[in-house]
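Hi everyone, thanks for making time this morning. I'd like to walk you through how the pieces of one model pack together, so please have a look at it first.

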Amino acid sequence: MIILDYKDARPIYEQVVDKFQKLILTGALEPNTKMPSVRSLAVELSINPNTIQRAYAELEREGFIYTVKGRGNFVAYDEGLLSYRKKEIYSKLDELIREAGEIGISRSKMSDYVKEGHEAVLQGATGEGFGYD
């Protein structure tokens, strides 16, 4: 269900949060579904249970899961979460567009790059090196 990338510069708990967010937003984890226990997920991923606990705390803080005392953690999906995630993505895109403009990348180059990247992603490519320097 979750695969960690040890080459990723982000902390492990952030990767866990990101993976669960994607699973919840895409519907792979349905609302009110019980999440894996902290201990079982830590064993499965071979990481410290405190890391999973921190990830779950972040997911709960952001509204992706809720806790039922004595029962565990459950998926708490609603449409507001998808809207929140879209806003985050658009904010990142705004920053990238601003930065690209500052170093002289034209709108047409950015547009072509995004189109090629989208096609490559649909075909299963990694998204690296779509032909622009």
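Before the packing, a word on terms: axes are lines fitted to C-alpha atoms, for helices over the stretch in contact, and angles run from 0 to 180 degrees between N-to-C directions. Helices (H or I, at least four residues) and strands (E, at least two) are DSSP runs, numbered from the N terminus. This is a predicted model, where local features need pLDDT of at least 70, side-chain atom pairs count only at pLDDT 80 or more, and totals for chains, interfaces and linings use all residues. Residues are numbered from 1 along each chain as its sequence is written, and side-chain values use heavy atoms, with hydrogens and water left out.

On to confidence, with pLDDT being the predictor's confidence in each residue, from 0 to 100. The protein chain has an average pLDDT of 87, and 90% of the residues score at least 70. Helix α3 has the highest confidence, at 97, while helix α5 (residues 107-122) has the lowest, at a mean of 79.

Let's start with α1 and α3. Helix α1 (residues 12-25) packs on helix α3 (residues 49-61) at an angle of about 50 degrees, and their axes lie 8 Å apart. That makes α1 oblique to α3; angles under 35 degrees count as roughly parallel, over 145 as roughly antiparallel, 65 to 115 as roughly perpendicular and the rest as oblique. Which residues of α1 and α3 make the contact? On the α1 side they include Val16, Val17 and Phe20, and on the α3 side Ile52, Ala55 and Leu59 are among them. Contact here means heavy atoms within 4.5 Å. By class, this contact of α1 with α3 has nine nonpolar, two polar and two charged residues. For the classes, Ala, Val, Leu, Ile, Met, Phe, Trp, Tyr, Cys and Pro count as nonpolar, Asp, Glu, Lys and Arg as charged, and the others, Gly among them, as polar.

Next, α1 with α4. Helix α4 (residues 79-102) and α1 pack at about 125 degrees, with axes 10 Å apart, and that makes α1 oblique to α4. Here Asp18, Gln21, Lys22 and Leu25 of α1 meet Leu81, Leu82 and Arg85 of α4. These residues divide into three nonpolar, one polar and three charged.

Then there is α2 (residues 38-45), which packs on α3 at about 120 degrees, with the axes 8 Å apart. That makes α2 oblique to α3. Val38, Leu41, Ala42 and Leu45 from α2 meet Pro49, Ile52, Gln53 and Tyr56 from α3, and the contact has seven nonpolar, one polar and no charged residues.

Last, the strands. Strands β1 (residues 65-68) and β2 (residues 72-75) run antiparallel and are joined by four bridges; two strands pair if DSSP finds at least two bridges between them. Thr67 sits opposite Asn73 of β2, and Tyr66 has Phe74 as its bridge partner. The hairpin has three residues between the strands, and Gly70 takes a positive phi near 80 degrees there.
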